[in-house]
Amino acid sequence: MIQKIDRSYADIEIGDRVCFTRRFPLESFHDFYKLSKDNNPLHHDAHYASATPYQRPILPVLLTSLPLSAIAGTVLPGHRSLFINFQIHAVHPAYYDQEISYSAKVIKKNDLFQTITLRTLVFHHSQILLEAEQIIQVRDDVPENLAPARDHDIPILRNTPRTVLITGARGAIGSAIAVNLARNGFNLLLTFRPGACEPDEHLLSRCRGYGVHVACMAADLEGDADGLVPLIETMTHDNLITDLVHVASPPVHASAHALFNVNYLALKILSEALIPQILQRQEGHVLMLGSSAVQSTPQGWEDYATAKAAASHYITGLNTRFGHYGLTGWVLAPGMVATQFSAKFRTPATLSLQPEQVAESASALLKGQYGTQGGYFWLEPQTPERLGRFGFYASEVRSSLEPDRSAHSSSSVEAVQGADIDGLFRQFFKLAPSDDIALARVGESPYWDSLRHIEFMLFLEKNMGLTFSSKDIDRTKRYLDLVSLIAEKRKSES
């Protein structure tokens with residue numbers, strides 16, 4: 001049956017999205033050339049391309065972006081579309097015969113002008129190739145009886161209830177998190193260690209009592225990657241999982257091998273499998289249960305704390321690589337929790353959290369109550385929670401022989417507030433006021449590559465009335481380097 005498509009402005013909701021894949025054979029370049037007359041050998045000459053860093057021909061950016069026209073013209077909104085604005089940012093090269101994924105999502109609507117804003121991610125596995133933003137007007141000047149028949153198989157997706165994979169769900173903290181999330185409407189996939197214990201039927205019954213779907217399966221997180229294949233196949237089937245909560249850990253005094261495998265390697269393997277699904281939705285969380293032992297490292301806890309620190313650092317990397325594209329990584333680091341896991345380390349005088357308190361915080365983080373930037377959430381008994389970043393702590397002691405780097409200090413940042421480098425940086429890269437830019441770095445922050453860096457420096461010249469040399473461009477590979485440079489130039493002018 002031929003289906004008529006006539007989607008009006010009112011039919012479209014923020015969050016609507018389409019996802020599909022495409023492959024471009026080398027022969028597609030010939031059609032591209034006929035229309036564009038772009039005959040750059042990098043796009044079709046294997047011998048020429050072999051002498052470049054890319055090693056083989058790469059797709060022209062505009063060829064890679066062609067499906068974006070189909071998204072607007074046939075789906076969101078469809079035949080009523082009229083392009084108003086289009087911005088594109090190439091992040092990594094795309095190659096011929098590579099499976100390329102497209103995810104376009106409605107992120108904004110303007111009722112006055114009847115426009116929608118689409119954000120499109122183009123990626124291969126977990127590597128972002130291209131990011132685009134389109135502003136499209138939904139026209140109302142076409143009679144309904146002229147709506148064309150559907151000539152594509154791309155469905156519009158609306159966000160369904162989220163499904164969270166929880167590792168270590170049989171433990172006191174894991175089960176408390178499972179119950180709390182079920183109470184808040186999350187579907188669940190719970191894992192348990194094979195052979196060591198069976199699924200907790202009481203836990204399953206409690207969670208299902210909230211009307212959500214709950215499944216469970218065995219998963220050996222301590223073994224090699226092959227042991228996780230069945231779990232990965234389950235979590236990636238029909239894009240089942242939207243969020244990951246990694247609670248599982250061997251006992252504190254387990255072997256370093258076991259602690260590292262479960263706390264870090266399993267987290268990394270499961271997260272890497274989930275990233276393409278998060279990119280498709282342009283939304284998703286990876287939360288791991290850290291520990292305040294990372295800060296204090298009690299004697300005898302060194303291996304445990306080191307494994308947790310490695311996992312915490314990995315979460316920081318996820319936020320750096322994918323935070324701009326909808327992934328939110330959290331480390332939830334509680335102090336001592338009153339569980340069997342910590343029983344031998346607690347005394348009657350030990351102040352302890354209850355598992356339900358940790359679960360409340362985990363739920364709040366997954367629901368976005370602490371923002372979408374991710375980070376390190378430190379929770380201690382009878383102490384307000386602390387939110388920050390995992391990483392470097394500046395020493396207050398400096399050798400008299402050490403050069404003065406005060407230009408990189410917080411005082412230097414305050415000194416250039418009049419120059420509004422913060423505002424211009426956020427304006428150019430389209431970052432929100434809540435986005436953390438202090439650690440931004442060329443080539444590591446997803447929105448700031450070497451080509452964009454040159455464009456940005458030209459933008460600063462225009463808006464700040466400064467002149468930058470090629471040496472200046474080379475030395476400003478970090479946001480803090482940029483702050484320092486501008487402070488120097490302002491000082492030299494005064």
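The notes below go from the inside of the model to its surface, then to the backbone and the charged pairs.

**Entry 1: what I am looking at**

I reminded myself that this is a predicted model. Every value I jot down here is computed from it.

**Entry 2: the cores**

I began with the largest nonpolar core, which has 41 residues. Which of its members touch the most other members? I found Leu165, Leu267, Leu279, Val286 and Leu318. I then listed the elements that give two or more residues to this core: strands E4 (115–124), E10 (284–289), E11 (327–334) and E12 (375–379), along with helices H7 (229–236), H8 (256–281) and H10 (302–322). Helix H8 gives the most, with 10 residues.

Leaving out residues up to four places away in sequence, Leu318 touches Ser271, Ile275, Val286, Gly323 and Leu327. Apart from this core I noted another one, of 33 residues; Ala182, Cys207, Ala362 and Phe377 are among them. As a reminder to myself, nonpolar side chains in soluble globular proteins tend to be buried together.

**Entry 3: helix H5**

Next I turned to helix H5, which covers residues 172–183. Its 12 residues reach 17 Å from the first C-alpha to the last, close to the 16 Å expected at 1.5 Å a residue. Is H5 mostly covered or mostly exposed? I count it as mostly covered, since 10 of its 12 residues are buried. The buried ones include Ile173, Ile177, Val179, Asn180 and Leu181.

The partners are strands E6 (163–167), E7 (187–192), E9 (243–246) and E10, together with helices H6 (201–208) and H11 (355–366). After H5 comes Gly185, with a positive phi near 90 degrees.

**Entry 4: a nonpolar patch outside**

On the surface I found a nonpolar patch formed by Val61, Leu62, Phe83, Phe86 and Ile88. Together these residues have about 400 Å² of accessible area. Helix H3 (61–64) and strand E2 (81–90) each supply at least two residues of the patch, and E2 has the largest share, 3 residues. Phe86 is found in strand E2.

Where is the cis peptide bond I noted? It joins Leu76 and Pro77, with omega about 5 degrees. Pro77 is found in the loop between helix H4 (67–75) and E2.

Gln114 has a phi of about 55 degrees and is found in the loop between strand E3 (100–110) and E4. His125 also has a phi of about 55 degrees, and its place is in the loop between E4 and strand E5 (127–138). Gln114 is partly exposed, at 25% relative accessible area, whereas His125 is exposed, at 55%.

**Entry 5: Gln354**

I looked up Gln354 in the loop between E11 and H11. Gln354 is partly exposed, with a relative accessible area of 39%. Not counting residues up to four places away in sequence, Gln354 touches Val337 and Ala338.

**Entry 6: salt bridges**

How many salt bridges are there? The count comes to 11, and I took notes on a few.

- Lys105 pairs with Glu283, with the closest N and O atoms 3.7 Å apart. This pair links distant parts of the chain, 178 residues apart: Lys105 is in strand E3, and Glu283 is in the loop between H8 and E10. Lys105 is buried at 10% relative accessible area, while Glu283 is partly exposed at 29%.
- Arg139 and Asp141 meet at 2.7 Å, N to O. Arg139 is partly exposed at 23%, and Asp141 is exposed at 52%.
- Glu455 pairs with Arg452, the closest N and O atoms being 3.5 Å apart. Both lie in helix H14 (residues 450–464), 3 residues apart, about one turn of the helix. I logged Arg452 as buried because its relative accessible area is 19%, and buried means under 20%. Glu455 is partly exposed at 39%.

Notes: Residues numbered from 1 in each chain as written. Predicted model: local features only at pLDDT ≥ 70, side-chain atom pairs only at ≥ 80, totals over all residues. Heavy atoms only, no water. Core = buried A, V, L, I, M, F, W, Y, C linked by side-chain atoms within 4.5 Å. Buried < 20%, exposed > 50% of the residue type's maximum accessible area, 1.4 Å probe, protein only. Helix = DSSP H or I, 4+ residues; strand = E, 2+ residues; numbered from the N terminus. Contact = heavy atoms within 4.5 Å. Expected span 1.5 Å × (residues − 1). Patch = residues over 30% accessible without salt bridge, like charges linked within 9 Å, V, L, I, M, F, W, Y side chains within 5 Å. Areas by Shrake-Rupley, 256 points an atom, 1.4 Å probe, with all protein chains shown as cover. Salt bridge = Lys/Arg side-chain N within 4 Å of Asp/Glu carboxyl O.
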